[in-house]
Protein chains: 2
Amino acid sequence: MKMLEKKIIEEGCVLSDEVLKVDSFLNHQVDPVLMKEVGGEFASRFAGKGITKVVTLESSGIAPAVMAALILDVPLIFARKRKSLTLKDGLLTAEVYSFTKEETNTVTISEKYVNEKDTVLIIDDFLANGQAVEGLISIVEQTGALVAGIGIVIEKAFQDGGKLLREKGYRVESLARIKSLKNGRVEFSEEVLV
Amino acid sequence: MKMLEKKIIEEGCVLSDEVLKVDSFLNHQVDPVLMKEVGGEFASRFAGKGITKVVTLESSGIAPAVMAALILDVPLIFARKRKSLTLKDGLLTAEVYSFTKEETNTVTISEKYVNEKDTVLIIDDFLANGQAVEGLISIVEQTGALVAGIGIVIEKAFQDGGKLLREKGYRVESLARIKSLKNGRVEFSEEVLV
């Protein structure tokens with residue numbers, strides 16, 4: 001998605017060979033016009049797939065996901081992230097390890113809002129090792145719902161989360177795929193995914 | 001706002017005289033169409049006030065705030081909430097005590113994204129004791145920016161956050177004002193605020 005790649009080039013901050021900071025339009029300050037375009041692009045890529053719910057993870061997933069949900073005309077559910085959790089009734093959970101924050105969170109969704117009749121589009125801001133998305137898939141599939149696919153704003157294609165998910169048969173649509181962050185430079189992947 | 005009041009009556013869950021759960025459209029599952037209407041209502045109430053930034057607090061504030069920011073055509077900044085925080089350069093902080101969660105969080109915004117030239121609309125999902133909004137005001141005013149007003153989705157008017165903010169001279173626009181949750185019933189306030 002050209003508009004997103006342009007924004008990453010202009011405003012993204014390469015902090016290391018592995019870390020891209022996009023605090024100015026996605027993770028702290030949010031560009032609502034870009035989010036609307038991103039949401040529209042997800043909606044168009046998953047059009048006709050019978051999506052009934054969009055699921056994301058707080059907090060950075062919410063802005064692009066609510067825009068996609070608006071255009072798809074379905075509810076959004078944002079999973080909650082908690083450091084530790086006393087087990088509570090009616091909550092579906094998954095443990096998610098964050099490599100950047102070096103901590104494990106319990107990610108939860110109320111079983112009231114996703115069920116076996118649902119076809120779910122999972123949306124997240126970043127895909128790196130795929131831990132967060134794997135957690136969301138686990139929760140959604142616990143309900144018996146179908147995961148129609150995964151929409152990612154920025155995929156770090158040099159890490160293996162996307163590869164592993166695609167190998168498992170999930171459709172992953174990433175709007176920007178970064179091949180490398182070496183030498184302080186963002187290089188996008190030209191790879192065609194089928 | 002009638003559409004919101006209707007939704008609260010139909011789907012809100014009165015858990016006690018003080019607690020209203022709106023997990024089905026605002027705090028966990030999110031109704032994107034309602035959020036668009038809510039955002040539009042905030043934008044229209046603060047039209048012509050020269051708003052340059054919308055500021056909210058993760059996570060439940062993000063969906064209504066990004067819709068308001070889209071219509072006002074300005075960036076959104078969502079403040080981060082952290083249990084404890086080693087002081088970091090470039091972060092503006094405030095301590096916010098949550099009565100519902102019985103914990104104190106450090107709320108932060110990067111000083112890169114709000115400055116003394118800004119006119120800020122603060123948006124949050126709930127207003128009860130006003131702790132979260134007071135924290136956001138404190139951060140915004142540390143930068144020298146002007147707080148043009150506060151947009152609240154649901155105000156618990158039987159708690160004193162709104163009263164205290166209005167007494168200090170802040171313009172608070174709440175789209176639903178709840179007078180009482182007694183006897184498991186939601187009663188809206190008819191009070192005219194000037």
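**Notes on the predicted model**

1. B:Leu15 has a relative accessibility of 53% and therefore counts as exposed (exposed means over 50% relative accessible area, buried under 20%, and partly exposed in between, with a 1.4 Å probe and protein chains only). The residue belongs to the loop of chain B between β1 (13–14) and β2 (20–21); strands are DSSP runs of E with at least two residues, helices are runs of H or I with at least four, and both are numbered from the N terminus. Although B:Leu15 and B:Leu181 are 166 residues apart along the chain, 8.9 Å separates their C-alpha atoms.

2. The model is predicted: local features need pLDDT of at least 70 and side-chain atom pairs count only at pLDDT 80 or more, while totals for chains, interfaces and linings use all residues. Residues are numbered from 1 along each chain as its sequence is written, chains are lettered from A and ligands numbered from 1 in the order in which they are written, and side-chain values use heavy atoms, with hydrogens and water left out.

3. Chain A contains five helices and 11 strands. Its C-alpha trace spans about 50 × 35 × 35 Å along the principal axes. The radius of gyration of chain A is 16 Å, which agrees with the value near 16 Å that a compact globule of 194 residues would have (taken over C-alpha atoms; the globule rule is 2.2 Å times the number of residues to the power 0.38).

4. Of the 194 residues in chain A, 55% count as buried. Among the contacts in chain A with a separation of 6 or more, 60% involve residues 24 or more positions apart; a contact means heavy atoms within 4.5 Å.

5. Chain B is superposed on chain A by a rotation of 180° with 0.0 Å of shift along its axis, at an RMSD of 0.0 Å (least squares on the C-alpha atoms of residues with pLDDT of at least 70 in both copies). The two copies are thus related as by a two-fold rotation axis. In chain B, the C-alpha of B:Ser59 is the nearest to this axis, 2.7 Å from it.

6. The copies meet through the same surface, because 100% of the interface residues of chain B are also interface residues in chain A. One contact joins A:Val66, A:Ala69 and A:Leu70 in α3(A) to B:Pro32, B:Val33 and B:Lys36 in α2(B). Its residues divide into five nonpolar, no polar and one charged (Ala, Val, Leu, Ile, Met, Phe, Trp, Tyr, Cys and Pro count as nonpolar, Asp, Glu, Lys and Arg as charged, and the others, Gly among them, as polar).
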